[in-house]
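User: I would like to go through the terms used for this structure and see what each one rests on.

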Amino acid sequence: MVVPERVSERRLSIPNNAITGILFAIPGYFAGVWLGTLFGLNDDQNTGVILGYIFATVAFLAGVGFLNYPFERLFGWRVSPLTDPDENRGVGRFFRLSLDHKVIGLQYLVTILIMLLFGGIGAMMIRTSLLVPDSSITPSGNYISLIGLHSVMMIFITSAVIVGPFGNYLVPLMIGARRMAFPRLEALSFWVVPPAAVILAAATFWGGFPTGWTGYPPLSEQASQAMDSYIVGFALIAVALVTSAINMLATIIGLRAPGMTWTRLPMFVWGIFTTSILGLLAAPVLAAALFMLTLDRTTQTSFFLASNGGSNYLWENLFWFFGHPEVYIFILPAFGIIMEIVPHFARKPLWGYRTGVVGLFGVMLLSFFVWQHHLFVSGIAPVLRPFYMLSTELISIPTGIIFLVTLGTLWRARVWFTVPMLFCMGFLFNFLIGGVSGVYLSDVPTDVTLHGSYFSMAHFHYTIMGGEIFALMAAAYYWLPKMTGKMLSPTIGRIHFWWMFIAFNSTFFPLFIVGLLNMPRRVSSYDPALVGLNRWVTISAYFLFGSMVLFAANLIYSWFFVARPALANPWHARSLEWQVPTPVPARNFERVPLVVAGPYDYGIPNARPVADLGGVVGATGGG
Amino acid sequence: MGVFRIEEADRPHLLRLLIIWVVLSIVGILAALQIHYPPYDQSVQGLDQSRTLALLTVLATPVFIGVVIMVLYSAIYFRRTTTELVDGPPMLGNTPVQIAWIAISAVLVLFLAVFGIVTLASSNVAQAVGTPGRSIGQSGGQTGSGTIGGTGPELQVQVVAQQWYFTYRYADYGGVETTHLYLPVDRPVELHVTSLDIIHSFWAYQLGVKADANPGVDNIFHVTAQKTGSFQVRCAELCGLWHGHMADSEGQVVSQSEFDTWIAQQQKDYEVISKAVPSYAPFYFPEPLLKAG
């Protein structure tokens with residue numbers, strides 16, 4: 001083995017960006033289809049389509065430039081300087097492979113908001129179809145395709161909507177790090193999301209898949225090639241979850257600034273930390289289940305087919321072993337956001353910091369022991385049900401802690417009513433309804449009536465949309481001034497909040513009643529007696545969509561059209577991410593900061609600033 | 001109450017909140033008790049679910065009202081009144097309050113869990129005692145002759161789901177297969193739910209019955225109707241193209257004599273077909289499993 005004496009000056013000269021990625025992906029797809037058709041066991045093209053998607057994704061990643069680094073190292077060429085701050089300015093950096101966590105955060109933000117638009121349009125089409133109690137607006141087949149696309153698209157979005165933009169952008173700033181532990185993994189966790197969204201959307205060309213987001217076989221084995229979109233898209237999201245989780249855990253454990261002890265860690269970072277543990281442990285189970293489903297569909301195995309010795313319970317258990325932690329992957333960062341933002345606007349220390357962290361960990365741990373509550377009526381062994389009923393109800397104890405900590409922080413506070421604070425309070429109200437309705441579903445006798453009805457649909461929309469998306473809005477109004485350098489208009493923000501809050505509750509609260517009155521989920525034709533309630537819900541849903549359009553308008557208006565640069569610390573917050581200048585310098589901190597106090601020490605006499613930053617300091621926090 | 005040292009500054013707030021909470025909770029609970037909860041009282045099991053729903057609402061009301069008034073109270077009374085930014089009192093936590101909160105929520109949760117388990121275990125509400133399917137070797141496919149029942153006190157009815165309708169077989173009456181479900185009133189019924197193709201879910205709303213129909217699995221569910229009248233049957237698990245149309249509103253709970261007349265008529269009507277139908281078995285496998293486009 002000869003070790004080269006000097007590094008070669010040669011380097012790959014292909015200009016790598018999203019366009020070369022797309023140019024690579026197209027031949028990649030056809031190569032995969034060709035191979036799959038050549039070697040596939042069935043004549044139904046599933047092997048070809050799956051290989052096509054996988055090859056297209058790998059080719060896309062190669063085109064974006066993910067293979068440059070390994071090849072350069074392999075052949076001893078000079079490594080392309082991806083992190084060069086001078087090269088990485090300008091709009092072009094958002095379309096290239098960047099290892100800067102700030103660029104990745106913004107890439108994520110825009111991508112996910114575009115996906116959210118499509119998911120939301122899907123929801124509007126679903127609601128439009130339900131204006132009439134028969135299938136006359138949307139034919140039955142199209143309706144279930146819509147259900148599948150809306151649900152899986154929204155699951156993709158909600159898996160990443162907080163961790164992706166805000167986690168990537170803010171975690172290094174909050175812990176006093178200059179970069180992420182694994183920037184390439186971090187970039188990978190972003191760059192697999194656009195292919196996943198495109199592959200999912202490609203399902204429409206095959207007529208859409210009929211299974212919703214649960215993908216229960218044998219229905220999913222009976223389905224057309226559209227199901228392959230579900231499999232590959234979801235697998236890519238599993239890759240994103242795992243890579244992001246590894247990167248976040250390593251960063252939070254390993255790259256905290258000196259003095260950033262575990263008890264000084266901001267609550268948002270704790271939220272990301274716990275959700276990353278969930279992602280790391282749960283997403284591989286999904287990947288395994290999807291692999292089995294792929295084999296069943298392409299190579300005639302029968303993991304899930306009862307007629308050949310398999311069992312659909314295997315999928316149900318594997319899927320929900322992932323699926324239930326998955327919903328806490330959504331909500332734990334939201335808890336983190338609420339406990340992070342409330343102290344800054346209450347101008348008080350977080351009340352019961354350690355208890356709050358215990359609450360997050362309690363939710364995280366228990367979420368692995370509840371998955372069979374999705375299977376109460378599926379015919380599981382009756383002896384299992386009391387345990388899952390108990391464990392599901394136990395999870396309300398750590399969730400209650402989150403409320404306790406937040407309410408304790410608000411107690412005798414000097415609440416500064418900003419738009420983020422309004423959204424935090426909206427979160428508390430909505431998530432309370434979501435949580436309480438969850439108890440109805442955890443109780444086996446009542447679950448018999450409520451399972452698979454609009455009640456459970458309303459329940460999880462209250463927790464995900466009313467919870468996670470409200471927390472997302474709080475985060476957007478709170479942190480976007482740091483991320484984009486522009487304040488979002490607070491006037492439009494207030495209108496947005498009240499509009500969204502009222503429209504949201506007007507949309508989803510009646511659905512609890514609709515569910516109690518015998519309307520199953522995922523049906524395009526329903527009891528004509530429920531037409532009044534459904535029309536009310538549909539019109540409210542249009543208003544809800546309107547509120548999201550208002551948010552988008554506010555975002556675009558203040559980001560691109562209004563020259564109102566944000567101050568470095570517009571909220572006079574103490575925490576570390578507000579102490580750096582805006583726009584954030586390429587290396588975040590002049591030198592690694594020395595953290596000397598907690599982020600929430602408001603009102604404490606003689607409290608020190610949060611950190612010794614050395615050089616340039618932004619506006620100092622209150623207290 | 002030594003540990004709960006209430007600070008002077010907290011007292012007016014706590015008193016006010018307590019009064020608001022007690023008043024609103026009483027009003028809320030009284031309102032919650034006025035609601036008639038589905039699935040009402042057509043079956044013993046349904047009535048029990050209605051009662052559990054009512055109990056959960058009664059318990060949830062004070063919790064919900066307590067948290068909401070705390071949030072609203074903070075929004076109104078703890079709002080900053082000055083123009084310049086001021087910090088609140090540096091309260092870092094209060095261990096007795098935290099322990100009390102966790103203890104109260106634990107007691108509530110354990111009460112609910114114990115109540116649920118007792119409801120589940122008590123014999124007259126033995127709903128959804130779904131035993132997992134027998135393994136395939138024991139009683140194989142269409143040729144199986146696992147004729148069950150005949151003399152037991154429970155009427156055995158098999159629910160056979162397939163894309164996209166339910167049929168019913170009465171084991172005690174020669175396995176006759178019907179297109180509507182008729183049940184005699186006041187007689188315990190053992191429903192055996194199975195599927196011929198993919199997962200469906202048999203939901204008889206007014207009876208408080210929901211049981212997944214899995215291929216190759218005999219999912220057992222007990223129900224006792226206590227009022228005559230019609231009930232709706234729907235599929236509650238997404239099962240493909242016509243899932244939304246997989247419904248039947250002609251289910252009937254009738255008196256025993258009417259039931260006897262009806263089933264005799266069914267046996268006569270379907271006599272010819274019955275010979276072609278596979279003999280009664282815990283479950284059936286269609287051959288082959290078709291892939292639809």
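Analyst: Two residues are in contact if their C-beta atoms, placed from the backbone, lie within 7 Å. The model is predicted, so local features need pLDDT of at least 70 and side-chain atom pairs count only at pLDDT 80 or more, while totals for chains, interfaces and linings use all residues. Residues are numbered from 1 along each chain as its sequence is written, and chains are lettered from A and ligands numbered from 1 in the order in which they are written.

User: How many residues of chain B are in contact with chain A?

Analyst: By that cut-off, 79 residues of chain B are in contact with 82 residues of chain A. Helices (H or I, at least four residues) and strands (E, at least two) are DSSP runs, numbered from the N terminus. On the side of chain B that touches chain A, the largest share, 14 residues, comes from α2(B).

User: Which classes make up the side of chain B that touches chain A?

Analyst: Ala, Val, Leu, Ile, Met, Phe, Trp, Tyr, Cys and Pro count as nonpolar, Asp, Glu, Lys and Arg as charged, and the others, Gly among them, as polar. On this basis the side of chain B that touches chain A has 47 nonpolar, 22 polar and 10 charged residues.

User: Why is A:L109 called buried?

Analyst: A residue is buried if 20 or more other C-beta atoms lie within 10 Å of its own, exposed if 12 or fewer, and partly exposed in between, with C-beta atoms placed from the backbone. A:L109 has 21 other C-beta atoms within 10 Å, so it is buried. A:L109 belongs to helix α4 (residues 101–129) of chain A.

User: What makes α12(A) largely enclosed by the rest of the structure?

Analyst: Of its 35 residues, 31 are buried, and therefore α12(A) is largely enclosed by the rest of the structure.

User: How do you know that the span of helix α12 of chain A agrees with its number of residues?

Analyst: The expected span is 1.5 Å times one less than the number of residues. For the 35 residues of helix α12 (residues 312–346) of chain A this should be 51 Å, and the end C-alpha atoms are 50 Å apart, which agrees.

User: Where does α12(A) bend, and by how much?

Analyst: The bend at a residue is the angle between axes fitted to the seven residues ending there and the seven starting there. For α12(A) this gives about 25° at A:W320. Just after α12(A), A:R347 has a positive phi of about 55°.
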